[in-house]
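Dear colleague,

Please find the structure handed over below for your use. My findings follow it.

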Amino acid sequence: MNPEGWKCPRRVGFLFPHECERTTPDGCVDCNNGQVGDPFAQRTDRYGYNDYDRYRGRNPNDFTEADGENLRRSRSRYEDDMTAS
Amino acid sequence: MARRNRPWLIYALGGGWGHLTRAASLARAAKQRHRVRVLSNSQYARQVASATPELDLVALDPSLEAAEVRRRVIEEIEVFDPGCLIVDTFPRGLGGELAGLIASMTATRVLVHRDLSPRYVAQCGLRSFVQSVYDLILIPGENEAGVFADLPAARITKPWLIRDPTPRQRRGKYSVLVCASGNATELAWYGATVSNLQTLYPSVDVRCVAPVCPPGCLKDCWIAHWPAADLYPAARVVIGGAGYNTIHECLCWEIPLIARPWPRKYDRQWLRARRAAKLGSVRIVKTPEEAAHAAVRQLKELRVRRRIVSFENGTIEAAALIEHACARAFSAPPFRSAYP
């Protein structure tokens, strides 16, 4: 039983690692009920698409880490950084 | 003071050069007819102030805590009591501090709509907020058109530039100008790019414009200058980021740009770079080595330069549109009808 407000800290995702945020690992297809420590790193179904820099058959400039950064952002982090742009 | 004669205040908070440079561009165009003040917390405010002493610039300490910045912003706005509040990029303010204030202001409210992350827009309900609060939405360049572009108050202008483009020199004084804008942590990338150029292509004359000399960059080729646009006519290729100013300046000057998009919290540099690549000579790179090779390839490809025949700086039209919005608000009855 996880404490109230618990969110899974594991990294999930296909091209971009992002926070899982599930409230329980029970029934989770990414970590297989909590058995996989880093689901993003341990995926085996990318068929050669290892990360957004090496997207086979695509121009490597189609994706940069800026794309990944944009998708990784946690939803609760806006309007808190007065040096952002 | 009569509402008609009250000054304009440009809210230009945000890191880096972009917000402040855009605000300075508009203030420069409007200052002949209006008193204009710019409010900024950029770490580069001192450089901008020394280069433009005529600019009425209130520079907040960039190291202040967020809560203190919010408090100071509200205080500055209330004391200045502008007739027109022009908010750059962040409709609710960078820290959300305008949300509780702006709707109750008697000032004409103008949003400068640089591109914004759609996630942020959705999470904070910005579309309905903008629609209900702002009298005018200015889009400084067609390529910046984003999620508010279809609102009735939106108007597109040409890009806003701090300098009007001038014809370039027949032969560039420098082969490559590395424009190291952005965050301090990104300076190392630009320094490595300069170093790569000098190692791989010793005959290429390279200069690097940056607020401080980037690590890896020789002092001999470092130039501390703002605005970097002053140096463009002397360059044949620019290597830079994909922020608003670098992209639009290079497109307007018709100078080839090797662009390195950086991740930002709200801006989508990669999108701007890709859009620009469809319009002009813009190549997207990631590593310093790629940038060096791309710049030299670009130098070899250069053909006869086109001269800029005519160009209208979007700030002129923007100032006129703001004037028009202020005049309309001034002549409007005190209570706005629900049926326009």
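**Helix packing in chain B**

In this predicted model, helix α6 (residues 187-200) of chain B packs against helix α9 (residues 288-301) of chain B at an angle of about 50°, and their axes are 8 Å apart. That angle makes α6(B) oblique to α9(B). The crossing in which α6(B) passes α9(B) is right-handed. On the side of α6(B), the contact is made by B:W189, B:A192, B:T193, B:N196, B:L197 and B:L200. The partners contributed by α9(B) are B:P288, B:E289, B:A291, B:A292 and B:A295. By class, the residues of this contact of α6(B) with α9(B) divide into 8 nonpolar, 2 polar and 1 charged.

Helix α1 (residues 18-30) of chain B and helix α10 (residues 314-331) of chain B pack at an angle of about 70°, with axes 9 Å apart. Angles from 65 to 115 degrees count as roughly perpendicular, and α1(B) and α10(B) are therefore roughly perpendicular to each other. Here, too, the crossing is right-handed, with α1(B) passing α10(B). From α1(B), the residues that make the contact are B:S25, B:L26, B:R28, B:A29 and B:A30. They meet B:T315, B:I316, B:A318 and B:A319 of α10(B). The contact of α1(B) with α10(B) comprises 6 nonpolar, 2 polar and 1 charged residues.

**Chain B as a whole**

The secondary structure of chain B consists of 10 helices and 13 strands. Its radius of gyration is 20 Å, close to the 20 Å that the globule rule gives for 340 residues, so chain B is as compact as a globular protein of that length. Taken along the principal axes, the box filled by the C-alpha atoms of chain B is roughly 70 × 45 × 40 Å. Of the 340 residues in chain B, 49% are buried. Considering contacts in chain B between residues at least 6 apart in sequence, 67% join residues at least 24 apart.

With kind regards

Definitions and conventions:
Residues are numbered from 1 along each chain as its sequence is written. Chains are lettered from A and ligands numbered from 1 in the order in which they are written. This is a predicted model: local features need pLDDT of at least 70, side-chain atom pairs count only at pLDDT 80 or more; totals for chains, interfaces and linings use all residues. Axes are lines fitted to C-alpha atoms, for helices over the stretch in contact, and angles run from 0 to 180 degrees between N-to-C directions. Helices (H or I, at least four residues) and strands (E, at least two) are DSSP runs, numbered from the N terminus. Angles under 35 degrees count as roughly parallel, over 145 as roughly antiparallel, 65 to 115 as roughly perpendicular and the rest as oblique. A crossing is left-handed if the near helix is turned anticlockwise from the far one by less than a right angle, and right-handed if clockwise. Two residues are in contact if their C-beta atoms, placed from the backbone, lie within 7 Å. Ala, Val, Leu, Ile, Met, Phe, Trp, Tyr, Cys and Pro count as nonpolar, Asp, Glu, Lys and Arg as charged, and the others, Gly among them, as polar. The radius of gyration is taken over C-alpha atoms; the globule rule is 2.2 Å times the number of residues to the power 0.38. A residue is buried if 20 or more other C-beta atoms lie within 10 Å of its own, exposed if 12 or fewer, and partly exposed in between; C-beta atoms are placed from the backbone.
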